[in-house]
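Good morning, and thank you for joining.

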Amino acid sequence: SAAVVLKEGDIISIDTGAIVDGWVGDNAWTYAVGRISPEKQRLLDVTEKCMWAGLEAARPGNHLGDIGHAVQSIAEAEGFGVVREYVGHGIGRDMHEDPNVPNFGHRHTGVKLEAGMVLAIAAFCLFSLLVMDIAKRTGKTEFDRIIVPWELPWLRGIVSGVFLFFLFDVMVAMIAGAGALLEQVFGLPAIAGNAAITLLVLAVALTGAAGMLASFNIVVPLLVVAAIVIGAGACLRLPMGPIEARPFASGNPLLGNWFFSALSFISYNMMAAVSILVPLTEGMEEKRTIHKGLAAGAVLLTLIFVCILLPMILFHALVGAAELPMLSLAYSLTPVLGLIYAVLLFAGMFTAALSSLFAITTRVQQRTGGVLISRRFISLLCALAFVGSIFGFKNVVSFVYPICGYIGFFALAGI
């Protein structure tokens, strides 16, 4: 690309493929550009070591888990992590064939390997906390300067606009979600519920009661605890269905298969994370603090997956048609638990919508040189969010979120 110029100290991965007599070959290698730092050289050396270990484990009689275990064991022993979102794959007449080959796993688990299987083993090692490392090294605490390192104000303006759209999308989704919750619990028409939560957010914003945002720190852990109780209770008391690797929105052209669903989800959340993580590096003297914070976040996200997403898969036949599946699952166990979860969920949606509104107004204020945001502007944002919420919670989540996710993927390329 004419816009990307390699410089001393970079590393670059070159991925090549070939088709010979109908059979596909795939190869990738990472090269140093001139003299690189010892840390980057160590990354290359450990990654190559992981690759050879994975290849050594790819022999008849072993299992896919043996390959992942070999890669993971060496990477973690050397102080690195492994990327779990991207995996290796089978290869033959097509570039990507079953089975997927993750860079992590347990011995003697997964598909048994047989002679004649050709695997492209991808050993992606996670380059420790890339975004925060860039911010700490460069001293940049504005996420748009991390994504767009060049002095291009117009491009940074576009990135800021995309981020504002992300925040507005969250606000719309939370208002629509609160309306769906009131409809599901009390039978209130969704549009009336949307109007009620919008007026509540507007009232708090206009009165300047930003202190209510602190409750978000309490609500989220309580939601996770409630989800643990609901998920565990459902597994013990309700009949479980099979685990199927497919997106719930199977009729959604934007989420037609697991790969695009995962890609959209990862990029959407990573884009949001960049805007939060970058400013946090300011004033942090030790990397240990960053490591501990991200480790705690990773544990929390793992709990959310296990306790929310996994039950939604296991009990999809029971709650898949509901606007808020976990709420339906809670009510399936006991009405009291359902009501408790409904209250916590409503509080979480309210504070998320309010925090998004405050984030939008703060960002606009920064971009306009500190000009105070008028009450009329706040009212307009709330009115537009209400109009957007009319499309319904599922529609907003199923269509707008993926669009934001794909936009976020291109933004992350700048990092």
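This is a predicted model: local features need pLDDT of at least 70, side-chain atom pairs count only at pLDDT 80 or more; totals for chains, interfaces and linings use all residues.

Buried means under 20% relative accessible area, exposed over 50%, and partly exposed in between, with a 1.4 Å probe and protein chains only. By that rule Asp-21, at 71% relative accessibility, counts as exposed. Residues are numbered from 1 along each chain as its sequence is written, and side-chain values use heavy atoms, with hydrogens and water left out.

Where is Asp-21 found? Asp-21 lies in the loop between β1 and β2; strands (E, at least two residues) and helices (H or I, at least four) are DSSP runs, numbered from the N terminus. Its phi is near 55°, a positive value in a residue other than glycine. The two strands form a hairpin with 2 residues between them. Strand β1 covers residues 11-20 and strand β2 residues 23-32; they run antiparallel and are joined by 10 bridges. Strands pair if DSSP finds at least two bridges between them. One of these bridges links Ile-11 to Ala-32 in β2.

Let us turn to the helices. Helix α1 has 20 residues, 38-57, and should span 28 Å at 1.5 Å a residue, since the expected span is 1.5 Å times one less than the number of residues. The end C-alpha atoms of α1 are 29 Å apart, which agrees. Among the buried residues of α1 are Leu-43, Val-46, Thr-47, Cys-50 and Ala-57.

Helix α11, residues 325-333, is mostly covered, with 7 of its 9 residues buried. These include Pro-325, Met-326, Leu-329 and Leu-333.

How do α6 and α13 cross? Helix α6 (residues 190-207) and helix α13 (residues 375-389) have axes that come within 10 Å and cross at roughly 160°. Axes here are lines fitted to C-alpha atoms, for helices over the stretch in contact, with angles from 0 to 180 degrees between N-to-C directions. The angle therefore makes α6 roughly antiparallel to α13, a label for angles over 145 degrees.

Finally, the cysteines. How many disulfides does a search of the whole structure find? The search finds 0, a disulfide being a pair of cysteine sulfur atoms within 2.5 Å. Cys-382 is buried at 2% relative accessibility, whereas Cys-235 is partly exposed, with a relative accessible area of 33%.

Key: Angles under 35 degrees count as roughly parallel, over 145 as roughly antiparallel, 65 to 115 as roughly perpendicular and the rest as oblique.
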